[in-house]
Amino acid sequence: MEAAAEPLRSVRHLSRVLLFLSQCYILSGDENQLFSHLTESTEIPPYMMKCPSNGLCSRLPADCIECATNASCTYGKPVTFDCTVKPSVTCVDQDLRPQRNFVINMTCRFCWQLPETDYECSNSTTCMTVACPRQRYFANCTVRDHIHCLGNRTFPKLLYCNWTGGYKWSTALALSITLGGFGADRFYLGQWREGLGKLFSFGGLGIWTLIDVLLIGVGYVGPADGSLYI
């Protein structure tokens with residue numbers, strides 16, 4: 001009898017072990033789901049970095065609110081839009097009461113129609129600022145945070161080359177007048193070939209020196225990297 005009961009006890013023991021392991025697996029799955037849920041619920045949205053807490057709703061940056069805009073408004077005219085703050089954003093009204101729905105006043109115009117002071121654009125250091133005709137480049141522009149407008153807040157724009165490498169016009173002109181015969185002005189502007197030519201020709205016997213004084217004085221000759229004077 002004992003020999004016959006031994007396999008039965010082994011089967012019961014094995015079933016208990018399997019039941020215990022299955023319960024542990026289920027509990028571990030629930031814990032993982034709970035942890036992931038808590039992580040998702042406590043994750044801070046990226047736009048919250050720009051949204052001050054408990055400030056006036058009407059002064060929140062555009063990234064913190066969602067507005068029901070209408071592009072059929074009359075360009076250049078004042079217009080009002082109904083807005084709602086995004087989730088996790090807290091703000092108040094003029095009486096310091098919590099608020100989620102409010103109205104903003106703005107001028108009817110698209111973001112790319114804003115004045116240059118209302119957006120920032122990327123700079124190009126590869127185009128030539130001193131060229132004829134004057135060169136342009138495509139820049140990516142972004143509207144400032146507290147400016148409200150219609151359409152995309154990031155847009156491309158064709159701008160004139162306008163950057164500087166740190167060369168001073170006054171320094172270049174002074175070198176052209178005093179040491180132009182030795183090519184100091186051209187060396188200063190990074191134009192080594194012209195500088196060597198002036199150095200070994202004694203400023204083109206003075207003629208080249210006088211011409212460079214006039215050209216640098218009117219800004220026709222600039223830095224070799226194509227930047228503007230400061």
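These legends accompany several close-up views of a predicted model. Residues are numbered from 1 along each chain as its sequence is written, and side-chain values use heavy atoms, with hydrogens and water left out. Because the model is predicted, local features need pLDDT of at least 70 and side-chain atom pairs count only at pLDDT 80 or more, while totals for chains, interfaces and linings use all residues.

View 1. Let us start with α6, which spans residues 207-217; helices here are DSSP runs of H or I with at least four residues, strands are runs of E with at least two, and both are numbered from the N terminus. Its buried residues are Thr 209, Asp 212 and Ile 216, where buried means under 20% relative accessible area, exposed over 50% and partly exposed in between, using a 1.4 Å probe and protein chains only. These residues sit on the same side of α6 because they cover an arc of only 60° around the axis, the arc being that of the directions from the helix axis to the C-beta atoms. An α-helix has 3.6 residues a turn, so residues three or four places apart point the same way. Ile 207, Leu 210 and Leu 214 are exposed on the other side of α6.

View 2. Which helices do the buried residues of α6 pack against? They are α2 (169-179), α3 (184-188), α4 (192-200) and α5 (202-205), with contact taken as heavy atoms within 4.5 Å. After α6 comes Gly 219, with a positive phi near 85°. An unreviewed UniProt entry places the feature "transmembrane region" at residues 199-221; UniProt positions follow the numbering used here, feature names are shortened, and annotations may be inferred rather than shown by experiment. Over residues 199-221 the chain is 74% helix and 0% strand, and the end C-alpha atoms lie 18 Å apart.

**View 3. The disulfide of Cys 57 and Cys 91**. The whole structure holds six disulfides, a disulfide being a pair of cysteine sulfur atoms within 2.5 Å. Cys 57 and Cys 91 are joined with an S to S distance of 1.8 Å. Cys 57 is in the loop between β1 (55-56) and β2 (65-67) and Cys 91 in strand β4 (residues 91-92), so the pair ties together parts 34 residues apart in sequence. The torsion about their S-S bond is about 90°, so this disulfide is right-handed. Cys 57 counts as buried at 1% relative accessibility, and Cys 91 counts as buried at 3%.

**View 4. Two further disulfides, Cys 73 to Cys 108 and Cys 111 to Cys 149.** The sulfur atoms of Cys 73 and Cys 108 are 1.9 Å apart. A torsion of about 80° about the S-S bond of Cys 73 and Cys 108 makes that disulfide right-handed. Cys 108 counts as buried at 4% relative accessibility. For Cys 111 and Cys 149, the sulfur atoms are 1.9 Å apart, and the link is right-handed, with 80° about the S-S bond. Both Cys 111 and Cys 149 are buried.

View 5. The covered face of β3 carries Val 79, Phe 81, Cys 83 and Val 85, while the uncovered face carries Pro 78, Thr 80, Asp 82 and Thr 84. Two strands pair if DSSP finds at least two bridges between them. β2 and β3 run antiparallel, joined by three bridges, and Cys 67 has Cys 83 in β3 as its bridge partner. β3 also pairs with β6, in the antiparallel sense, over seven bridges; here Pro 78 stands opposite Thr 107 in β6.
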